[in-house]
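The following note gathers comments on the model shown below.

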Amino acid sequence: AERQCYYCLPGVTDADKSKGKPQQLQQAYTRCISMKVSSCQLFAFLAFSAQDVTSFAPSTVSSKVASTATSTSPSSLWMGDESRATDNRQDIPQSVLLDMHGTLASLFGSDHKRASFYTHQYGADKRTPDNVVHLERDPFMDIPSPVKGFDAKSLYETNDWISLRIRGSRDALDKNAMSYEAFGEYIQGGGSAIVPIIEGDYLFKFRQDLEKVFSESLSVNVYHSGPKAEALTEHYDAYSVFVLQLEGEKTWTIQADGQAEDLNSITSWKTVTMREGDLMFIPQGIFHYAQTAEGFGVSTHVTIGLQESS
């Protein structure tokens, strides 16, 4: 297998197995945690005990064994009530479940996080504030982010659809009137730019790789903001979105209660700080807004909109 579990690799001795390889295990091939397990695969599953494995325990492993696992991961898999989890895998495309090329594993940080999310947090019946998910990226254990940093100059040169934003205002970037240097000054002055990723952009391959896995056309947009900048005021999206932080930090204010698409039903909000490499999932209909975190001169994230509205 292209991304086979460490314990299934040829040439691995019993002595090697007894030592344990948590980093390799965290990147285990999907079949080792989602299909019926052989004795070798069962050993690999049990070696996940340093993390929360109850969310995707195979049916052939007893719930008593699974419940002995403890979670030490820094990842905030749940912002809501974990007891409300249900298994939605039957509704998820096979290309997403298998993730043969590791595209989603790198987005989430590990196969474990991807499997846990799609087992419990994803589905048309989960459009509630409880199902907002924030995954912090562990620099020691997680797979590196598929996109690191941000090349503003490259997008300025290749993209003719850049929108300038300040708290909801909208102006199209006119390159004849605003040079790249002036664009940088606009950002540093507290402005924001929204850049839809299109063919020719350096991030277009990133978009293509995701579209192959999701088997649909995605809305992929970069939000590049200066100090204390807020591109959009409180709003909700008509489709669910993933948010990947590329550089700097951003403080998100998100609906904490009430009903989707009903601003008047909200009585409380929660804040989330996104750092480089972090991933967040916001179901459609959930109100939110984001601002460059205090002390940062620039903050950039990319949103991945799922057009299937699920």
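How many helices and strands are there in the chain? There are eleven helices and eleven strands, where helices (H or I, at least four residues) and strands (E, at least two) are DSSP runs numbered from the N terminus.

1. Basis of the note. This is a predicted model, in which local features need pLDDT of at least 70 and side-chain atom pairs count only at pLDDT 80 or more, whereas totals for chains, interfaces and linings use all residues. Residues are numbered from 1 along each chain as its sequence is written, and side-chain values use heavy atoms, with hydrogens and water left out.

2. Chain totals. Of the 310 residues in the chain, 51% are buried (buried means under 20% relative accessible area, with a 1.4 Å probe and protein chains only). The accessible surface comes to about 14,200 Å², and carbon and sulfur atoms hold 50% of it; these areas come from the Shrake-Rupley method with a 1.4 Å probe. Among contacts (heavy atoms within 4.5 Å) with a separation of 6 or more, 74% involve residues 24 or more positions apart.

3. Sheet order. An open sheet is formed by eight strands in the order β1-β9-β6-β11-β5-β4-β2-β3, with antiparallel pairing; two strands pair if DSSP finds at least two bridges between them. At the edges stand β1 (133-135) and β3 (169-172), each of which pairs on one side only. Neighbouring strands are turned by 20° against each other on average, direction ignored, with axes fitted as lines to C-alpha atoms, for helices over the stretch in contact, and angles running from 0 to 180 degrees between N-to-C directions.

4. Strand β9 and its neighbours. In β9 (residues 279-282), L279 and F281 point one way and M280 and I282 the other, and all are buried. Three bridges join β9 to β1 in antiparallel fashion, and V133 stands opposite F281. Four bridges join β9 to β6, again antiparallel; here V241 stands opposite I282, while L244 stands opposite L279.

5. Strand β6. Seven of the seven residues of β6 are buried, and the strand is mostly covered. Besides its pairing with β9, β6 is joined to β11 by six bridges, and these two strands run antiparallel. V241 stands opposite G305 in β11 as well as opposite I282 in β9.

6. Strands β2 and β4. Strand β2 (residues 163-166) runs antiparallel to β4 (residues 192-196), and three bridges join them. S163 has I194 as its bridge partner in β4.

7. Helix on the sheet. Which strands does helix α11 lie across? Helix α11 (residues 204-214) lies across β5 (218-225), β6 (241-247) and β11 (299-306), and runs at about 145° to β5.

8. Cavities. A cavity is a set of points, on a 1 Å grid over the protein atoms alone, where a 1.4 Å probe fits but cannot get out; lining residues have an atom within 4 Å of a point.

9. Lining of the largest cavity. The lining consists of F150, A152, L155, Y156, I162, F183, A193, V195 and H224. Both α9 (152-158) and β4 supply at least two residues each, and α9 gives the largest share, three residues.

How values were computed: Buried means under 20% relative accessible area, exposed over 50%, partly exposed in between (1.4 Å probe, protein chains only). On a 1 Å grid over the protein atoms alone, a cavity is a set of points where a 1.4 Å probe fits but cannot get out, and a pocket is an open set with protein on both sides within 12 Å along at least five of seven lines; lining residues have an atom within 4 Å of a point.
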